[in-house]
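We will go from stop to stop.

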Amino acid sequence: MSEAVAIALVAWGNAWLTGHIGLDEAVDAVEKSGGPQILGGAPAEVTLRRGLGDLRVGGLTALRLALPEPGDPLGLTGPPAFNGAAVEAGAAVVAVLGERAMGLLPAEDRRGSSYVGVRWTTHEASAGPPDVPSLAEADRRLALAMRDATEALLTVDGFAGVPPEIADALVDLRDPDRGDHPLAPGYPPRAHRVAALAGRLSLVVDLARQMDDRGLSTDQTRRRGEALRLLDGAVRRALVAACNSAFDPVPGTER
């Protein structure tokens, strides 16, 4: 849940900040992915719409995605307290406000028996640029990781040993016309393509990690696990690079 809502907030929030959509459309799209959302905590909590508007008045210029894991603070620049909380949450959004930044962490917000939404808690964050790959670099790494992981899965299990849902997911990787990217209007075409491929590969990783290891040697289990670890890292880097590319210069317009 955390990853999906963080991606939605960054993608649609940046589309709003770049003038491609209005604030109402952006918030509607974000809440479609995760339900009603609020920013802050009691007694100072506000709706996501109000919170984004307040941030814009305060100098908001961009939203950045972070998808960290233990030992891999992808997209984070500190301070340590925020980094630790973001790793625990599994996803974070960094709101860039000129020379300063604010970290936003998503958590499930339950009220009563039927209300389920998202609460974004605010944290101090460092404004420096994160050490993340460019979109072009992430695209190349994702292609290599996809090839290596596919070969490893088929070498370890054989195509007959791969469950049908994983085989179908691998076939879907070849379909460029599915239109299942998570991005919003205004992003570069390459970002849409990379985000879509990363999303499909994320499904492959999740399904493959559920596969039964019975009948595999220790070496086969190790090779499968390593391939999936590398693929997961490439997927997360691709999603971060794609979501953070809203402000990349359009090819042919650089001076």
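Predicted model: local features only at pLDDT ≥ 70, side-chain atom pairs only at ≥ 80, totals over all residues.

Residues are numbered from 1 along each chain as its sequence is written, and side-chain values use heavy atoms, with hydrogens and water left out.

**Stop 1: α1 and α2**

Select residues 2-17, helix α1, and residues 23-34, helix α2. Helices here are DSSP runs (H or I, at least four residues), and strands are runs of E, at least two, all numbered from the N terminus. The axes of α1 and α2 come within 9 Å and cross at roughly 170 degrees. Axes are lines fitted to C-alpha atoms, for helices over the stretch in contact, and angles run from 0 to 180 degrees between N-to-C directions. α1 is therefore roughly antiparallel to α2 (over 145 degrees). Now show the side chains of W12 and W16 in α1; they are among the residues that meet α2. Contact means heavy atoms within 4.5 Å.

**Stop 2: the cis bond**

Select G78 and P79. The peptide bond from G78 to P79 is cis, with omega near 0 degrees. Most peptide bonds are trans. P79 sits in the loop between β3 (62-66) and α4 (80-89).

**Stop 3: α7 and α8**

Select residues 189-208 for α7 and 218-243 for α8. Their axes lie 9 Å apart, at an angle of about 150 degrees. α7 and α8 are therefore roughly antiparallel to each other. Residues making the contact include A191, V194 and L201 of α7 and L228, L231 and D232 of α8.

**Stop 4: the second largest pocket**

Which residues lie nearest the centre of the second largest pocket? Select R229, L230, G233, A234 and R237. The lining has 14 residues in total, and α8 gives the most, with seven. A pocket is an open set of points on a 1 Å grid over the protein atoms alone, where a 1.4 Å probe fits, with protein on both sides within 12 Å along at least five of seven lines; lining residues have an atom within 4 Å of a point.

Technical notes. Parallel < 35°, antiparallel > 145°, perpendicular 65-115°, else oblique.
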